[in-house]
Amino acid sequence: MLQPTYTELLACPSCKSPLEAQGQRYVCQNEACQGMYPIQGGIPVLISEDNEIFSQQDFAREQDIYFRTYKSRLMQVLQKVQPDVSTNLSAARNYRFLARELASRKGLRILVIGGSIDGYGIGELKQNLPADALLVEADVSYGPNTKMIFDSHQIPFRDETFDLVVAQAVLEHVLDPFVCVAEMHRVLKTGGMVYAETPFMQQVHGGRYDFHRFTHLGHRRLFRHFVQVESGIVSGAGSALAWALKYVVTSFARNKKMDKVLSYSAPFLFFWVKYLDLLIGRTRGSLDSACGYFFMGRKEPGYVLSDKELLASYKGLRGNVN
Ligand SMILES: [Zn+2]
């Protein structure tokens, strides 16, 4: 469970009023709302009653909603030997940068959305946190890191709570990424940082919970209320091609069982294609063909990137370019 002092940082996911801990639940202090949120095996389930996708009942047992974090021994072994079809050229470096950038802050608070398991490279941040830092890893599934369950359309924290909010491979899986990013902006302190990685050229990978892809500029616009610190490629066209080859193979599947076999085997045939990224992952040409992008930004009062500025920021090589 979160340490009791953190209760004062929480807000009702529904009406954003303060919450009070009452035994094994949190209760909204707003008379008109009176939202109640269970604490399940030490993990607060801050899902509001009006949420259409998730219900508190979904989390009554440590079952999985979005993806399976608990697996059989055999599955664990099989997955360990299966090669990944994408590279990540940027995460480790970006997390090291963020760790340095935030190192001097007192009482550092970090929120990791989609944090039930470690995202690629996040160890570079987690290993370098000061002892008094608060790290909240939240998700809509129970995993080894899950400290809290919530839906990122309704982040259950008060305004200006965090120094850093991370959303690595998350925003493609939410119904309204603009709402989620607005929530991330709200819970960040002025001067707080945001870090996101989101796919562009990737096939469906979250079953029914997969809704969006972004170009480099589309991703920038999603974060237009943030000053850009840096943005760029997470994985390049080599990874995009490896993904595509894998999905050409799985397209032969006529049922779930066949898909399982094919999607497990295909990476063994094509994983090496991702290493093309070592050659082409950082070129200007690859800005239009990448597998995914990152955005790192800072919250500054009143800032918004105009669409004119957005267009002027295009660094790819297609069409009318400078
Ligand atoms: Zn409430």
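Reply: Buried area is the accessible area, found with a 1.4 Å probe, that two parts lose on being put together, summed over both. In this predicted model, the chain is divided into domain 1 (4-59) and domain 2 (86-312), and the area buried between domain 1 and domain 2 is about 1900 Å², of which carbon and sulfur atoms give 64%.

Me: Which three residues supply more than any others of the area that domain 1 buries against domain 2?

Reply: Leu9, Ile43 and Phe59 do, with 30% of the area that domain 1 buries against domain 2.

Me: How do you know that domain 1 and domain 2 are in contact?

Reply: Contact requires heavy atoms within 4.5 Å, and by that rule 21 residues of domain 1 are in contact with 21 residues of domain 2. The centres of the two domains, taken over C-alpha atoms, are separated by 26 Å.

Me: Why is the pair Lys16 and Glu183 called a salt bridge?

Reply: The closest N and O atoms of Lys16 and Glu183 are 3.3 Å apart, and the cut-off for a side-chain nitrogen of Lys and a carboxyl oxygen of Glu is 4 Å, so the pair qualifies. The count between domain 1 and domain 2 is 1 salt bridge.

Me: What makes up the side of domain 1 that touches domain 2?

Reply: Across the interface, 10 residue pairs are found in polar contact. On the side of domain 1 that touches domain 2, strand β4 (residues 43-46) gives the largest share, 4 residues, and the residues of that side divide into 14 nonpolar, 4 polar and 3 charged.

Methods: Residues numbered from 1 in each chain as written. Predicted model: local features only at pLDDT ≥ 70, side-chain atom pairs only at ≥ 80, totals over all residues. Heavy atoms only, no water. Domains from an automatic or database assignment. Polar contact = N/O pair within 3.5 Å; in protein donor to acceptor, adjacent residues only side chain to side chain. Helix = DSSP H or I, 4+ residues; strand = E, 2+ residues; numbered from the N terminus. Nonpolar A, V, L, I, M, F, W, Y, C, P; charged D, E, K, R; others polar.
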